[in-house]
Amino acid sequence: MSGKSQRRPLVSGNWKMNLNHYEAIQIVQKLSYLVSKDDFEQVDVSLHPPFTDLRSVQTLIEADELRFVLGAQNCHHENSGAFTGEVAAPFLAKLGVRYVICGHSERRQMFGETDDVVAAKVGAVLVHGMTPIVCVGETQDEREAGQTLERVTGQVRGSLAGRTADQVAGIVVAYEPIWAIGTGLTATADDAQTVCQAIRRTIAETWNDDTAQSTRLQYGGSVKAGNIAEIMDGSDVDGVLVGGASLDPDEFARIVQYPQHSR
Ligand code: PGA
């Protein structure tokens with residue numbers, strides 16, 4: 001089997017620096033009423049709260065046997081040491097975290113994360129048995145200069161440098177055009193598909209075709225209930241990374257339930 005049918009869709013909610021642990025619990029409880037068992041049969045759903053909420057959300061997920069999967073937004077690449085204010089991958093693994101976002105554009109832009117830094121984080125996440133969601137994406141200027149594919153595929157190679165084919169087969173890459181994040185602007189479904197196809201081709205060329213067919217690719221950037229079905233139509237788009245709309249449980253539940261609204 002190859003192609004989209006073998007890859008389970010993954011809808012991820014990136015809460016960014018929003019919601020304290022009390023608010024997090026309320027949102028997850030509300031989501032647990034809105035998202036049904038049948039929805040989880042079709043879609044994997046990961047939630048990425050701030051670090052300070054992780055323990056509370058983990059406890060709730062485990063106590064109520066919820067099928068939301070716990071995610072984090074970042075980690076440090078070292079296992080421990082003199083890195084004041086940082087959080088190591090093994091600490092996240094111990095909390096039941098399964099997905100870790102690596103190299104989100106906000107971290108690349110505001111906290112100076114290069115492809116080398118992201119590659120080290122990806123390695124740490126994998127070593128501790130979790131799945132990295134590796135973010136790539138071009139700026140508005142790069143897009144206007146016609147450099148989107150070059151930029152994005154370069155980031156894929158750089159951020160996944162040193163990884164084996166087996167490792168790459170299990171990771172998630174999120175294509176997030178920077179100009180579309182938090183702006184209300186969305187790449188067209190065709191653009192999202194074109195870039196995801198180029199990412200898959202790059203993985204096939206750098207590793208091999210089987211690997212490329214297994215890697216899950218997400219689109220992110222102003223995803224809402226109203227545009228997800230169209231975006232998910234792309235044959236290389238296996239999921240979405242949702243920021244702003246994941247803070248509203250009704251909206252996020254509708255996003256998760258996109259298969260019901262698909263044409
Ligand atoms: P947005 O954010 O949905 O608010 O555009 C996406 C992201 O940054 O992951």
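These notebook entries record what I looked up about the pockets and the ligand in this predicted model.

**Entry 1: the largest pocket.** I began with the largest pocket and found that it holds about 420 Å³ of space. I noted 18 lining residues, with K16, M17, Q73, N74 and R107 the closest to the centre. I then checked which helix gives the most to this lining; it is helix α5, residues 105-110, with 3 residues. Sorted by class, the lining of the largest pocket comprises 8 nonpolar, 6 polar and 4 charged residues.

**Entry 2: the second largest pocket.** I recorded a volume of about 170 Å³ for the second largest pocket. Its lining also counts 18 residues, and those closest to its centre are G182, G221, S222, G243 and G244. For this lining I listed 5 nonpolar, 10 polar and 3 charged residues.

**Entry 3: the place of the ligand.** I asked which pocket is the space taken by the ligand. It is the second largest pocket. I counted 13 residues around the ligand, the closest being K16, H104, E176, G182 and S222. By class, I found 4 nonpolar, 7 polar and 2 charged residues in this shell.

**Entry 4: contacts and cover.** I looked up the distances to oxygen atoms of the ligand. For K16, a polar side-chain atom lies 2.8 Å from a ligand oxygen. For S222, the atom is a backbone N or O, at 2.7 Å from an oxygen of the ligand. G244 likewise places a backbone N or O atom 2.8 Å from a ligand oxygen. Finally, I noted that the ligand on its own has 280 Å² of accessible area, of which the protein covers 95%.

Terms used. Residues numbered from 1 in each chain as written. Predicted model: local features only at pLDDT ≥ 70, side-chain atom pairs only at ≥ 80, totals over all residues. Heavy atoms only, no water. 1 Å grid on protein atoms, 1.4 Å probe; cavity = no way out; pocket = protein on both sides within 12 Å on 5 of 7 lines; lining within 4 Å. Points joined across faces, edges and corners; volume = space filled by probe spheres on them. Helix = DSSP H or I, 4+ residues; strand = E, 2+ residues; numbered from the N terminus. Nonpolar A, V, L, I, M, F, W, Y, C, P; charged D, E, K, R; others polar. Near = heavy atom within 4 Å. Polar contact = N/O pair within 3.5 Å; in protein donor to acceptor, adjacent residues only side chain to side chain. Areas by Shrake-Rupley, 256 points an atom, 1.4 Å probe, with all protein chains shown as cover. Sits in = over half its atoms within 2 Å of the grid points.
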